[in-house]
Amino acid sequence: SSGQDMVSILQLVQNLMHGEEEEETSQAYRLQNVGEQGHMALLGHSLAAYISVLDRERLRKLTTRILSDTTLWLCRLFRYENGSAYYHEDDREGLLKICRLVIHTRYEDYTVEGFNVLYTKQPVIYISSAARTGLGQALCNQLGLPLSCMCRVPCNTMFGSQHQMDVALLDRLIKDDVESGKLPLLLVANAGTPGAGHTDKLGRLKELCEQYNMWLHVEGVNLATLALGYVSSSVLAATKCDSMTLTLGSWLGLPAVPAVTLYRHEDPSLSLAAGLTSSQPVEKLRALPLWLSLQYLGHDGIVERIKHASQLSQRLLENLKNLDFIKTSVEDELSSPVVVFKFFQEYSSRDQTSHAVQASTIQHPIISSERHLYDTFNQWLGEQLAQLVPASGVDVVELEHEGTCVRFSPLMTSAVLGTEIQDVDQLVDCLKLKIPVLTSTLQLREEFEQEVRRTVGLLYIEDLDWPGLGVVRYNYHSDRKNDDKQEKELEKINTELLKKLNELESDLTFSLGPEFGGQKNCVYIGMVTEDLDVSELVETIAATGREIEENSRLLENMTEVVRKGIQEAQLQLQKANEERLLEEGLLRQIPVVGSVLNWFSPFQASPKGRTFNLTAGSLESTESTYVSKAQGTGTTPPPTPTSSIAKQRLPGQKVFKRSLRSSDAFSETSSISHCEDLEKIDPRPPALSPGHEQGPLETEKTEEQEVAQATKTGTEDFQSEKSPNDCTKAEEQESLR
């Protein structure tokens, strides 16, 4: 209730920012390293708060100077003559204000009659289908317009870039709207689409807008290249548009600076009504962070940052041209600020014909599943590159025609992350290492599926969302009808199977799959290399699964046998007690009489017990135990079932790896030569094949050879007493025999 001091409040803010962790740990969670130019931008916010407490006249002069300077610098920097500027925090807010300005301009009575004017003649706003998601709906919600006022213009399908707006189709759509009594109001074009970074044909779009008296608004990352000395003609046409939105914070690496919308309009009263200008001096102080940052960087510093980002994208594009299985999607091979690429394996000439026939039907299941698989692999590739080279700023993007791709947009990330040429080279090196893994996994995936389907006890699970060799499940065969218990046994076996596979010394990764959306009770196998022995891998999985199942069944059977044995032992002991009562007689069961009778005439009865043999699963009498005074060991238990999957490997060779052909040839040659040497020095006849039987003549001949050999041995023993050399030869022959 009495308040807190400043130190306590600042300590609270620090705890909220970094948590209660140690200082070393909290340093890793900072978003970026704010440089001196970043401190200038952040200083602008605190200065704006201090300036707002000045007297009204001094505040008006200061804010007017700051706003006019910043607007003039930006218009000159981005070649936008005679423009005004609106500074806003949300990058969509500028377009929203422009829409209100156009409505006030085209509907003269809108200020008085409001929505009644719009009802009589419905406005139409045209947006490209390649625009950022949710932009049209956000505009309609803020303007209070129905979604029917928003028209999405498709992109090219036959000629030109598939990310550019179809101008001819747009012309037909505008004509249809005019004929139906609607009012074409505004067109939103892209100078760098959010996905692929392509630029619409702004020159033709401007002509079309002038023809139908429409407003042309342009936004996109490629507008940053207007500050360079050389600008492509497609982007240079943006300087003739009616308005454009610039996001300088990401382009120049400036934190917490507003976005800017430059526009041309002659009526300041309508601009004030639309909210593009304000009579409040404090609203004009939004430009102060940019005013400070632009002065700190200077013209050369701003151009250098944008030029550096363009050089990074060009460096990557040149390296990607020399890589196999990489397909790029750029608008201009010579100058493209955004580079989009994907992994794609070309088909052979024989397969191209069949795939061309299949491609005629877009919804063909083979084509759709194949594209889904490539999307999954490219998703994995983008995540791996972003993890290995975080300074590159690559991300994964979903495009309508290309599918999942990897995007490199240094204009949006390099200034913040500090991306250098070395980071691009490192990105290319990592990509070169990942391409063989992707190709090998894609080629061996079909072989793995065939091997699993041929193997008894394994079930192949088709999961196109898994970036790896495939998904397999060991099927638990049970005659029980209890599905819940069988499901638990299946989960237990596959979990133990996964544990056993991870204990092997291999380069493969085995897991339970993704955290969300994966199949249950399965083993997911990750990416592989070309030296993988698929048959050995499948055989190992099947054998290990059988071993786990047999061990589980052995335990279940032993439990059942023990239970039945106990019941049988109880019945036999009860029967033995009844027989003992008959032998002793009824008198011996009476307490006093029985004791006297036993004292005069003792009854000798051997103790009869039962022992349960776990090995044989049967009950046995304990008479032999009492006679021999020792417990019998019984028969030897059968060995525990183990998998016979051991394979001869070279020293240092891991599991599931194919051995080199040279090593195989060497080992095969050595074994053959070794066998030939043994045949030369071994005097014994060769062994018969398992299917060959000796006849009578061969038996007699063998017996004669044994007699002759024995006679020869006796002679050699007799001669060994005379000659040392003969003795040595005899010992050698004896040892060989």
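Seven strands form an open sheet with mixed pairing, in the order β1-β7-β6-β5-β4-β2-β3. The model is a predicted one, in which local features need pLDDT of at least 70 and side-chain atom pairs count only at pLDDT 80 or more, while totals for chains, interfaces and linings use all residues. Residues are numbered from 1 along each chain as its sequence is written, and side-chain values use heavy atoms, with hydrogens and water left out.

**Exercise 1.** Determine which strands stand at the edges of the sheet, and describe how β1 is paired.

*Solution.* Helices (H or I, at least four residues) and strands (E, at least two) are DSSP runs numbered from the N terminus, and two strands pair if DSSP finds at least two bridges between them. In the order β1-β7-β6-β5-β4-β2-β3, β1 (84-88) and β3 each have a single partner strand, so one side of each is left without a neighbour in the sheet. Direction ignored, neighbouring strands of this sheet are turned by 20 degrees against each other on average. β1 pairs with β7 (residues 259-263) in the antiparallel sense over five bridges, and His88 has Ala259 in β7 as its bridge partner.

**Exercise 2.** Describe how helices α4 and α9 are placed against the strands.

*Solution.* Contact means heavy atoms within 4.5 Å; axes are lines fitted to C-alpha atoms, for helices over the stretch in contact, and angles run from 0 to 180 degrees between N-to-C directions. Helix α4 (residues 56-77) lies across β1 and β7, running at about 110 degrees to β1. Helix α9 packs on the sheet, where it touches β2, β3 and β4, and its direction makes about 165 degrees with that of β2.

**Exercise 3.** Identify the buried residues of α9, and explain why they lie on the same side of the helix.

*Solution.* Buried means under 20% relative accessible area, with a 1.4 Å probe and protein chains only. By this criterion Val167, Leu170, Asp171, Ile174 and Asp177 of α9 are buried. They cover an arc of only 130 degrees around the axis, taken from the directions from the helix axis to the C-beta atoms, which puts them on the same side of α9. These buried residues pack against β2 (123-128), β3 (150-153), β4 (183-190) and also α10 (202-211). Just after α9, Gly181 takes a positive phi of about 90 degrees.

**Exercise 4.** List the buried residues of α18 and their packing partners.

*Solution.* In helix α18 (residues 410-417), the buried residues are Pro410, Leu411, Thr413 and Ser414, and they pack against α12 (248-252), α15 (288-320) and β11 (403-408). Gly418, with a positive phi near 70 degrees, follows α18.

Notes:
Buried means under 20% relative accessible area, exposed over 50%, partly exposed in between (1.4 Å probe, protein chains only).
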